[in-house]
Amino acid sequence: GRRRAPLHMLPLHAWAVGLANGVGLRPPMGYSSWNDCASEVTEARIRRVARALVNTGLAAKGYTHVNVDEGWLKSRGTTTLAMEEDTAKFPSGMRALGEWVHAQEVPGAGRTLRYGLYTSRGTCQCSTKQYQGPGSSGHIERDAAWMVAAGADLVKVDSCCGSQQREAAMGDYAAFRDALNATGRPVFLAVCGWNAWYARRGHTLGHSWRIALDGTNWGALSHCANVNARLSKHASPGGWNDPDLLQGTGKGSNDLPSNPHGCFDPSRIPQSRDWYLSERQVRAQMTLWAVMSAPLIISADPSQVESSVLATWGNEEVISVNQELRDGGPYQGHRLAGLDLHYDAALKAGSGTNVWGKPLPAGALALAFINNGPNATDVVCDRSCYGPLAGGSARAYALRNLWARADLGAFSPPQTLVAKAVAAHGGAAMLRLTPLAAGQASSRHQQLRGGAFEWRPCREASPTGDWGGQCGSAKAVRGGSGKRRPKLRRNAEGQA
């Protein structure tokens, strides 16, 4: 399929960073129980979700990690000090559950599911009103060995009840890195430290690192994207900036009082009161996380979510944008136009438009258009927006609308791309641009098909309000070759 870049495209240094164990060469994909269940996760839930990943086809598309987040660990042995699971919630035990996960067959792929466990580097787990558990402080080597013996392919290490001083935190994660290395098992280490400063040294500690506080709703996730916009250079095969989990709408998760298959009662988990997204925002998050090469870790039961949400997470063309990496990078997309996005989930009020772009193999590009403002609006990307990403390497591109799964026609720089009437408060659109050989574009002036996008000649381009970026004037000047070329106007930031 198109979602996996060939291994020969990965740089050799990818094998020599972080845990140096060959995992995490692409952003991980799968499931985590946290926003689905909070601390009320059970063995039955993990089995249900693992089956759902297989039965919905998500596992065959790459969603293979099945990660048990907070809530499984009850105590330590009185004499051994070893981790002890809550047998009321996990009656088979964590090792047996891991064996069961590993034994599941993914059609066309085999036994590809991976198993993840959670702890915190401090003296306690992060805890909820319903759950408290011991942390790994003072027990790092013992706990790492225990989780690996239970079959963990991924270990997420949170930061609750631990020192938040930078060097002390880095030291704790380095100790986890070394303890996992000592087991001899290739394990993905997910650093959950909630700070952007992990990015600079993330590759020396683990395979992903949380760069902000929890992305509980669209406002918080917009903030995560804003933070990640400054961290692109730190992502590469073997280590990824993590702006947090893929959120659902709450259906099948926090509706236990009315749904026998729900996971928790929100009145018993007060911290969940502002969780979740609208269906529109689910798509906007997937759009941004794809171009940001972020981990695609769903935190909902795929067997219960809305059909539109399942279609969003299962769109193979969007997954491909996340998983494909251009040889030599950059490996994470960049914000090309717009300032920080804002959204207040309580007031349902927001502002800002963005265009993000990611380079893909063979000269292809992906563009993401986001609108957090109060009204539907056209989001514009002119040559000053896409030019640095394109690098002038293609005379024309074939355009494909990834959410509509529709070919739109040809596009030639310096024309301006316009995503038309992008919906308010988390609206999104997405394009893939594939280079065309000389002469393949039948006409530089053909109209794009489908209606959701259009191109405009430079003389018709105009600013959106959030950013400048007029493509060109109605006049033209002669270049050194004697050919006429458009004269670029400078945008609001003085850039051509």
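The model is a predicted one, in which local features need pLDDT of at least 70, side-chain atom pairs count only at pLDDT 80 or more, and totals for chains, interfaces and linings use all residues. Residues are numbered from 1 along each chain as its sequence is written, and side-chain values use heavy atoms, with hydrogens and water left out.

**The six-stranded sheet**

Begin with the open sheet of six strands, whose order is β11-β14-β15-β20-β17-β18 with antiparallel pairing; strands (E, at least two residues) and helices (H or I, at least four residues) are DSSP runs numbered from the N terminus, and two strands pair if DSSP finds at least two bridges between them. At the edges select β11 (334-337) and β18 (406-411), each of which pairs on one side only. Neighbouring strands of this sheet are turned by 30° against each other on average, direction ignored, where axes are lines fitted to C-alpha atoms, for helices over the stretch in contact, and angles run from 0 to 180 degrees between N-to-C directions.

Next, select residues 353-359 and 365-371, which are β14 and β15, an antiparallel pair joined over seven bridges. Within this pair, N354 has I370 of β15 as its bridge partner.

**Aromatic residues**

The structure holds seven aromatic pairs, counted where rings of Phe, Tyr and Trp (its six-membered ring) have centres within 6.5 Å, with planes under 30 degrees apart called stacked, over 60 edge-to-face and the rest tilted. One of them is W72 with W146, a stacked pair at 5.5 Å centre to centre and 15° between the planes. This pair links distant parts of the chain, since W72 sits in the loop between β2 (65-67) and β3 (73-76) while W146 belongs to helix α4 (residues 140-149), 74 residues apart. W72 is buried, with a relative accessible area of 0%, where buried means under 20%, exposed over 50% and partly exposed in between (1.4 Å probe, protein chains only).

Move on to W197 and Y198, also stacked, at 4.4 Å centre to centre and 25° between the planes; Y198 is buried, with a relative accessible area of 1%. Finally in this group, select W34, F264, W275 and Y276, which form one aromatic cluster.

**A covered strand**

End at β19 (residues 416-422), a mostly covered strand in which five of the seven residues are buried. Strand β16 (residues 377-381) pairs with β19 in the antiparallel sense over four bridges, and V379 has A419 of β19 as its bridge partner.
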